[in-house]
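Q: I'm new to reading protein structures. Can we go through one together, feature by feature?

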Amino acid sequence: MSAPGLMLCDDLIFFSRVSGTARAAGLAVRMVRTAADLLAAARATTPGGVILDVHNPGLDLPALLADLKAVCDPAPRVIAYGSHVEPDVLRAARQAGCDRVMPRSQFVTELDAKIGEWLGANA
């Protein structure tokens, strides 16, 4: 089994969907609710991948990505999703350095096929 992934979100129901898909693929993902929690978990064990909701309250994405790269060697793949009605937020996530950014609806559509890639199992 690859290193567990981390998911920064505050939606337990949506996390359950993602974690169930990961589990079915033989992977593990842990939910964290804050950027500080994400960094603490990443320091403990470099994650196989990071999934994050760009609408997480108080998220400073450029700072988080820089800190994540500083604590993880190698830096994990970062997959971001957010609302399709806020393309500027999604564009900012791309510019900040996320490896993949998509609307939440696309994330859900691709979840089954791509979870292994997102969590580093197929990287």
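Predicted model: local features only at pLDDT ≥ 70, side-chain atom pairs only at ≥ 80, totals over all residues.

Q: Which residue forms a salt bridge with Asp88?

A: To spot a salt bridge, look for a side-chain nitrogen of Lys or Arg within 4 Å of a carboxyl oxygen of Asp or Glu. Here the partner of Asp88 is Arg91, and their closest N and O atoms are 2.6 Å apart. Arg91 is partly exposed, at 41%.

Q: How many salt bridges does a search of the whole structure find?

A: Five. One of them pairs Glu117 with Arg77, at 3.3 Å from N to O. Glu117 is in helix 5 (residues 104-118) and Arg77 is in strand 4, so this pair ties together parts that are 40 residues apart in sequence. Glu117 is partly exposed at 24%, and Arg77 is partly exposed at 28%.

Q: What else does Glu117 form a salt bridge with?

A: Lys114, with the closest N and O atoms 3.5 Å apart. Shared partners then join Arg77, Lys114 and Glu117 into one network.

Q: Which peptide bond is cis?

A: As a general idea, most peptide bonds are trans. The one from Asp73 to Pro74 is cis, with omega near 5 degrees. You'll find Pro74 in the loop between helix 3 (61-71) and strand 4 (77-82).

Methods. Residues numbered from 1 in each chain as written. Heavy atoms only, no water. Helix = DSSP H or I, 4+ residues; strand = E, 2+ residues; numbered from the N terminus. Buried < 20%, exposed > 50% of the residue type's maximum accessible area, 1.4 Å probe, protein only.
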